[in-house]
Structure formats: structure tokens, C-alpha cells
Amino acid sequence: MYEKTFPNKRFKHTLEFLNKHTSTAETILDLGVENPFSKIMKEAGYSVKNTSGEDLDIDQSVFSAEKQDVVTAFEIFEHLLNPYTILSEIKSDKLFISIPMRLWFSPAYRSKTDMWDRHYHEFEDWQLDWLLEKTGWKIIDRQKWTNPVNKIGIRPLLRRFTNRYYIVYAERIK
């Protein structure tokens with residue numbers, strides 16, 4: 001997954017944000033198969049269960065199987081065709097989502113070798129906020145950060161001050 005680069009800055013920000021709003025006593029359903037960040041959450045003391053690789057656009061049964069206290073969706077919603085349905089089906093009261101933001105100077109990401117590693121959506125912050133609102137979630141906190149790279153060029157320069165990641169903590173409206 002991270003053969004050449006490991007997203008230390010993103011993982012650090014994400015764990016700090018998670019720690020700010022939840023405790024290790026709460027159970028987490030992490031959307032997506034086990035990954036380096038789900039392992040980091042476990043090492044931090046969280047009880048984490050991952051989905052098993054099912055296509056969440058088609059099969060949302062994981063949400064009715066058992067209710068977890070918290071659902072996390074770190075860098076997953078941009079890969080989904082229908083995030084509205086998934087957000088509507090989540091039974092937990094707490095939700096954490098992070099996304100790579102759409103950059104005006106860079107096209108949507110598309111792996112040519114891995115059909116799962118493609119971005120169908122590249123959100124702007126207001127689009128994710130609106131999607132959460134429409135599916136019954138209230139945003140409690142949000143953060144953005146940049147992702148500078150050590151390369152020369154116009155796009156690397158723009159990445160130094162253009163926010164690349166957006167993270168949201170939301171609670172289900174009762």
C-alpha cells in the first residue's frame with residue numbers, strides 16, 4: 001500500500017483528531033480492509049473491527065450486523081460511487097471521515113493497475129459537509145491540512161499552502 005511513501009503527517013493528524021473526540025473504551029468499525037492506520041489505532045488502544053473487503057456501494061449489511069460505538073472512514077469515501085446510501089445506513093452515533101480534497105491543479109486520482117484504487121469523488125469541503133447534513137449527521141469538529149512534497153515544480157509549490165486533507169467528526173442527529 002505505501003511502498004514508496006508512508007503518510008506520517010496524515011496519520012499523526014488523524015490519530016490526534018480521533019483521540020480528541022473519542023475514547024479507547026468505545027468500539028470502532030473502520031470502513032475498508034485492515035490497513036496501516038487501523039493497526040495504528042489498535043496500537044493506541046482502540047478496539048477496531050474492519051470491513052472485510054465487500055463492495056460497500058452494493059452491500060451495506062455490515063451496518064446491521066452489529067452496532068459499533070464509532071464508525072471511521074479514513075480515505076475511503078472518495079472511492080465510493082454512492083456515499084449517500086452508506087452514510088444513511090450507519091447505525092453508530094459517532095462518525096469520523098477524512099478525505100483528500102479536490103485540488104484545482106490536479107486531476108482525480110486513478111490507478112491503472114488496481115480498480116479499487118481510484119477516486120470517483122474528489123470532494124470540496126462544502127460537498128462533504130452537505131452530504132453529511134443530508135444524511136442526518138451534525139458536524140461537531142473539522143480540520144484541514146496541507147501535504148507538502150519535496151519536489152520541484154508548480155504543483156509541489158502549490159501543495160505547500162493548499163489544504164489537501166479534510167477530516168470531520170460528526171454525530172447522528174436524533
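Which elements cover the buried residues of α2? The cover includes α1, β1 (27-30), β2 (47-50) and β3 (70-74).

## Basis

This is a predicted model, in which local features need pLDDT of at least 70 and side-chain atom pairs count only at pLDDT 80 or more, while totals for chains, interfaces and linings use all residues. Residues are numbered from 1 along each chain as its sequence is written, and side-chain values use heavy atoms, with hydrogens and water left out.

## Chain overview

The chain has six helices and six strands, taken as DSSP runs numbered from the N terminus (helices: H or I, at least four residues; strands: E, at least two). Along the sequence they follow the pattern α-β-α-β-α-β-α-β-α-β-α-β.

Of the 174 residues in the chain, 47% are buried (under 20% relative accessible area; exposed is over 50% and partly exposed in between, with a 1.4 Å probe and protein chains only). The accessible surface comes to about 9900 Å², and carbon and sulfur atoms account for 52% of that area (Shrake-Rupley method, 1.4 Å probe; for residues, only the protein chains shown count as cover). Among contacts between residues at least 6 apart in sequence, 65% join residues at least 24 apart (contact: heavy atoms within 4.5 Å).

## Helix α2

In α2, the residues F37, S38 and M41 are buried. Viewed down the axis of α2, its buried residues fall within an arc of 105°, so they line one face of the helix (the arc is that of the directions from the helix axis to the C-beta atoms).

At the start of α2, a side-chain oxygen of N35 comes to within 2.9 Å of the backbone nitrogen of F37. Just after the helix, G45 takes a positive phi of about 100°.

## Aromatic pairs

A search of the whole structure gives six aromatic pairs (rings of Phe, Tyr and Trp, the last by its six-membered ring, with centres within 6.5 Å; planes under 30 degrees apart are stacked, over 60 edge-to-face, the rest tilted). One of them is the tilted pair of F11 and F37, at 5.2 Å centre to centre and 45° between the planes. F11 lies in helix α1 (residues 8-21) and F37 in helix α2 (residues 36-43), so the pair ties together parts that are 26 residues apart in sequence.

Both F11 and F37 are buried. Ring pairs link F11, F37 and F74 into a cluster.

Q68 sits in the loop between α3 (62-65) and β3 and is buried, with a relative accessible area of 8%. Its side chain makes a polar contact of 3.0 Å with that of T27 (N or O atoms within 3.5 Å; within protein, one able to donate a hydrogen and the other to accept it, and residues adjacent in sequence count only if both atoms are side-chain atoms). Not counting residues up to four places away in sequence, Q68 touches T27, I28, L29, K49 and S92.

K49, in strand β2, is partly exposed at a relative accessible area of 33%. With residues up to four places away again left out, K49 touches I28, L29, D30, E66 and Q68. The C-alpha atoms of K49 and S38 are separated by 8.5 Å, the two residues being eleven apart along the chain.

## Nonpolar cores

The largest nonpolar core has 26 residues, of which L31, F77, L87, L95, I97, L128 and L132 touch the most other members (a core: buried Ala, Val, Leu, Ile, Met, Phe, Trp, Tyr and Cys joined through side-chain atoms within 4.5 Å). A second, separate core of 16 residues includes F11, I28, Y46 and V48.
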